[in-house]
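Subject: Handover of a structure and the findings from it

Dear colleague,

Please find below the structure that I am passing on to you. The findings follow it, and I would be grateful if you would read them alongside the coordinates.

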Amino acid sequence: MNALTVLAVALAATPHPVPRAAAPMVVLVATARGDVRILVRSDPVAGPVVAAPTLLGAVGGRGAVEGAWAEIEIARQSFRLLIGGPYYSLGSGLKPLVGTASVRRDTLFLPIQFITHVLPAELKERFRYDAQAGRLDDLTIIRVAAATPNRAAPNRTSPPARQPEPASTAPSDPDLLPNGLRKGHVVTIDPGHGGVDPGNPGIFFPRGLKEKDVTLQVGLLVRQELLKRGVGVTMTRTTDTLINLYDRGAYCTDRCGLFVSLHVNSLKKRPGYSKVRGFETYYLDVARTEDAARVAQMENEAVRFEAEDGQSAGLGGLDFILKDLQTNEYLRESVRLAELMQSHVGEVHPGPDKGVKPARLIVLGTARRPAILFEMGFSTNPEDAKLMTESRSQRNLAASIADAVVSYLLEYQQRVGSVVQSSSGRGRE
Ligand SMILES: [Zn+2]
């Protein structure tokens, strides 16, 4: 079948046209385990999408990517969505979608229509979507709950009580912000370097800006963007001062949800060095590549600007932490945070996306929370340098970093809210 035939078949089999409506920002999924709020992301290519693991975790399904298809199993029904193409199938025949399934940084995303139209149409007995409320209800759960009090009365007359007003099962939570976040999240933003430690010299930065200036500019914008999204922020610095590497993590204590250190990458002069650009995110573990080791060495070098007390300087303490980390849930959490960072920044940064990498970074060693170091781009590349210093792209960058933080916190809330489920040992899909 060529592409046109596929299209013709798909169009011929159009049982329910899928309208192009404004997508909600958050979809609430009401399940037996309670309510799960799913952030709707705007993908420049795929359109409005939701992370498949989050949806499947909420409704109790499983998913996998098989070649060009996303295989989704919910309620023992197997859906297939073409990755990058606006079609799905259930049983035989292709049916059209508005958006497309997509994979970003190892995470499968489904078009929002999968929730708003496909599930309610294909699994009528199970799901109903309320467009006004932006809410997907699991009807089986509501029906069981609604049927229980009727047990005494003979109920031959009305089999499916399809009018269960779900409001009773899920009173709207006054502690939730419109974006689904609980109130009271606080995170730590760490603009790298400062004071006597300029960071890298910023060869292509204008006006003599150095790494320490750019990390502070973007860091302050990230704070603004996070506050707008209802997330509290602790900054390790808001001025041109030097904070010791070993002290930075200490800003992320009891109430802190996560730690993000902001940096600018650079290469030593060598043939073609200025062509290298892109963004990458590090978490604390033993570096596996020469390039990651280079970044660790570069970012750890700040210790030479710090007061010599002979104890904290050096990597000795880090080995101890690394051992501890092997059994530490924060390692896995940090990787997830790093993945979300790459995925969100990828929406505004031309890249390339250089990925998520481990490295022995001192600054990440003392945060007792998920912690990442984000290299926003290369100051040794003219385009990256421009991106990191022009106010408009700086703001876009900051907004995407804030979005990544919000996405992570939403996932975290969901996990904490469904601890029972996570002990089933199925792992992330
Ligand atoms: Zn740096």
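Two residues are taken to be in contact if their C-beta atoms, placed from the backbone, lie within 7 Å. Please note also that this is a predicted model.

Confidence. The pLDDT averages 80 over the chain, and 78% of the residues score at least 70. Two stretches call for caution. Over residues 143-171 the pLDDT stays under 50, and the model has 15 contacts for them beyond four places in sequence. Residues 309-313 also have a pLDDT below 50, with 5 contacts in the model beyond near neighbours in sequence. Where pLDDT is low, the predicted coordinates should not be read in detail.

An open sheet is formed by 6 strands in the order 15-14-16-19-17-18, with mixed pairing. Strand 15 (232-235) and strand 18 are at its edges; each has a single partner strand, so one side of each lacks a neighbour in the sheet. On average, neighbouring strands are turned by 25° against each other, direction ignored. Strand 16 and strand 19 run parallel and are joined by 6 bridges. Serine 261, for instance, has leucine 373 in strand 19 as its bridge partner.

The helices on the sheet. Helix 5 (residues 211-228) packs on the sheet and touches strand 14 (186-191), strand 15, strand 16 and strand 19. The direction of helix 5 makes about 145° with that of strand 16. Helix 7 lies across strand 16, strand 17, strand 18 and strand 19, and runs at about 70° to strand 18.

In helix 7 (residues 290-300), the buried residues are Ala292, Val295, Ala296 and Glu299. Seen down the helix axis, these buried residues fall within an arc of 100°, so they line one face of helix 7. They pack against strand 16 (256-265), strand 17 (279-284), strand 18 (353-359), helix 10 (362-365) and strand 19.

Methionine 376. This residue is located in strand 19 (residues 371-378). With 27 other C-beta atoms within 10 Å, methionine 376 is buried, because the cut-off for a buried residue is 20 or more. Neighbours within four places in sequence aside, methionine 376 is in contact with Val218, Leu262, Val264, Phe279, Met388 and Leu397. Valine 214 is 162 residues from methionine 376 in sequence, yet their C-alpha atoms are 9.9 Å apart in space.

With kind regards

Conventions:
Residues are numbered from 1 along each chain as its sequence is written. This is a predicted model: local features need pLDDT of at least 70, side-chain atom pairs count only at pLDDT 80 or more; totals for chains, interfaces and linings use all residues. Helices (H or I, at least four residues) and strands (E, at least two) are DSSP runs, numbered from the N terminus. A residue is buried if 20 or more other C-beta atoms lie within 10 Å of its own, exposed if 12 or fewer, and partly exposed in between; C-beta atoms are placed from the backbone. The arc is that of the directions from the helix axis to the C-beta atoms. pLDDT is the predictor's confidence in each residue, from 0 to 100. Two strands pair if DSSP finds at least two bridges between them. Axes are lines fitted to C-alpha atoms, for helices over the stretch in contact, and angles run from 0 to 180 degrees between N-to-C directions.
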